Number of protein chains: 2
Amino acid sequence: MLGLFQRKERLIVHGEAPYNAEPPLDRLRAAFLTDQADFYVRSHGDIPDIDADDYRLTVGGIVATPLELSLADLKARFPHVTVTAVMQCAGNRRADMFAVGPVSGDPWAPGAIGNAEWTGVRLADVLQAAGIGAGEERHVAFESHDRIAESDTRFGISIPLAKALAPETLLAFVMNGEVLAPEHGFPMRVVVPGFAGIRSPKWLARITVQDQPSDNPMQADDYKLFPPDVTAETADPATGHTIEAMPLNSAICVPARGAALKIGSNQVRGYAVASDRTVARVDVSPDGGRSWTQARIEHDKHAPFAWTFWEIDLDLGVGEHELAVRAWDSAGQTQPAAPDDTWNYKGYLSAAWHRVRVTVA
Amino acid sequence: MLGLFQRKERLIVHGEAPYNAEPPLDRLRAAFLTDQADFYVRSHGDIPDIDADDYRLTVGGIVATPLELSLADLKARFPHVTVTAVMQCAGNRRADMFAVGPVSGDPWAPGAIGNAEWTGVRLADVLQAAGIGAGEERHVAFESHDRIAESDTRFGISIPLAKALAPETLLAFVMNGEVLAPEHGFPMRVVVPGFAGIRSPKWLARITVQDQPSDNPMQADDYKLFPPDVTAETADPATGHTIEAMPLNSAICVPARGAALKIGSNQVRGYAVASDRTVARVDVSPDGGRSWTQARIEHDKHAPFAWTFWEIDLDLGVGEHELAVRAWDSAGQTQPAAPDDTWNYKGYLSAAWHRVRVTVA
């Protein structure tokens, strides 16, 4: 694996402390499994420096048998499972919302996403070993080793018990066959496929089964979806929708915005992602959405949680063209057309048609 | 229960033979559970006249123990289960697509939908009693007692085995506590919550577990979703997306299109439906989508498969107004804005914002 300095060199850095960065889109689209060195990083504080030998995970709360597990215990006691899944930031593609109105947060391009093979143990197996009680309304809270820069509290978040028990939800220590890099959660992170990345904490320290969602500000106040008439001044976190599963989305990765193309056939390539559903179809428009043609899907397996790669050859004449992409999922759902249709003051879940203006000379 | 003649009198009839009809929207919105007399009817042939005492269901194909079950056997051998779920036609709201371009099929308003408490036995229990084999790619084919008017074949359709084994999928003999009416499938129908109504056949005669989807024209040729550049002349059924799960949708039921309203506060009411997800939020616009306000959700339980009722009071001045509604689901997904965005030549899955023009005098 490259060193952290070399990995940073490969990314577009939005912030150094906390460290936030995403890959250029052509590199993102180059491989179905995103290399750790090309995987976006979203941090809320400094990257913890953890000694794997000293590492302990505690499991408590409403359980019959609280646990304290070393990394070796975890690896030895539970079967290893590999799941291919996208991780994406709730703010992926936020940059497109700035044109509609002011939004807070980093102006992520469509690179705050990646697709990896995660290897670890099922969270369900660990919870069952701790003897979780019944109760549909339970929540599984996570606390991590990193401290949130803004509030100087430890990072905390929670997910509903039903998702914690789903077979795809892992405690992962390996990413694409490699040990996790420090900025990706070494020595262990949660992976909650289909959910926003914020609910897959890195550097996991403690799991607590409880009756209520986490009271950490990250859960209680942030990552809420508000209607377009709500502002920073009027927002009441208690009424916002807690962002968990992510909506249908797609992006054009090649060509880049503003690219100068040749006359004639040009290859357009990108990704589509459908949360717990599968991508049924991808349409690409050469004229800003007035007409559409079906793109080719690059692989046979339309697995839920993984992304779908697509490509199409477009014949373009001299002039300016606005390319656009929209996906359809297995429920016949498609994306809204305009950034106005999904705008919210926090800039979350930016999922309108992705548009790329190019020039043919 | 009212007689069939009286029930027909309550509905807007699109066709007498086959019989196709939907309720007026104000009556549809009057009750969370839709009475059988107000429930839309979609038929592909004559309504079969079945003697319950002679009725037999056969279960065969790739099973260890083929079954032949009377209605009494079914009711006695398997536990009874009640599920609240929407049934909706894949053509619900098709009328809105005629403005974009020609579409085939009846011009359904937003009334080709209803919500009921279905009581019956789990299809999974019946399949397990027959000893289904393993095999992820299996399909469960249904054949019914009705004959398709166009092709003079028996009605047939299939669903993937995974959905057939889902706990919500029933063989139902009771609807809202009443015996099924003849036009709703007496003495027994399939109920596949979240899927288009076409995959919940009425008057069920035979279940076959098989390696391939049904080869009935209803499965092989119809109920496919095509891109907007495909026409009746160019459509290849093998490349269309098989419509199973339904997309997010919503409709304004009150006031009706063209209604004359009073100055000041007017109540706007409707439904929203999110397939296997839940409805997270409903926005209503008084000005064709330029501004939005959150509607009140009328009940606490956001159950998947059931619909969600919403209402809002809008203050409207003198003049013409275009009201609009859009829903958001638990994955932060919303509906596309314009009928152009979902148009297809068969007029399926019409799910853009529902717009209602009214006048205040």
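A salt bridge here is a side-chain nitrogen of Lys or Arg within 4 Å of a carboxyl oxygen of Asp or Glu. Keep that in mind.

First, the ground rules. This is a predicted model: local features need pLDDT of at least 70, side-chain atom pairs count only at pLDDT 80 or more, and totals for chains, interfaces and linings use all residues. Residues are numbered from 1 along each chain as its sequence is written, chains are lettered from A and ligands numbered from 1 in the order written, and side-chain values use heavy atoms, without hydrogens and water.

Now the pairs. Across all chains, the search finds 44 salt bridges. Take E322(A) and R357(A): their closest N and O atoms are 3.7 Å apart. E322(A) sits in strand β22 (residues 319–329) and R357(A) in strand β23 (residues 354–360) of chain A, so the bridge ties together parts 35 residues apart in sequence. Strands are DSSP runs of E, at least two residues, numbered from the N terminus.

How accessible is E322(A)? It is partly exposed, at 21% relative accessibility. R357(A) is partly exposed too, at 43%. The scale: buried is under 20% relative accessible area, exposed over 50%, partly exposed in between, with a 1.4 Å probe and protein chains only.

Salt bridges with shared partners join E320(A), E322(A), R355(A) and R357(A) into one network.

Over to chain B. K163(B) and E168(B) meet in a salt bridge, 2.8 Å from N to O. Buried or exposed? K163(B) is buried, and E168(B) is buried as well.

Technical notes
Helices (H or I, at least four residues) and strands (E, at least two) are DSSP runs, numbered from the N terminus.
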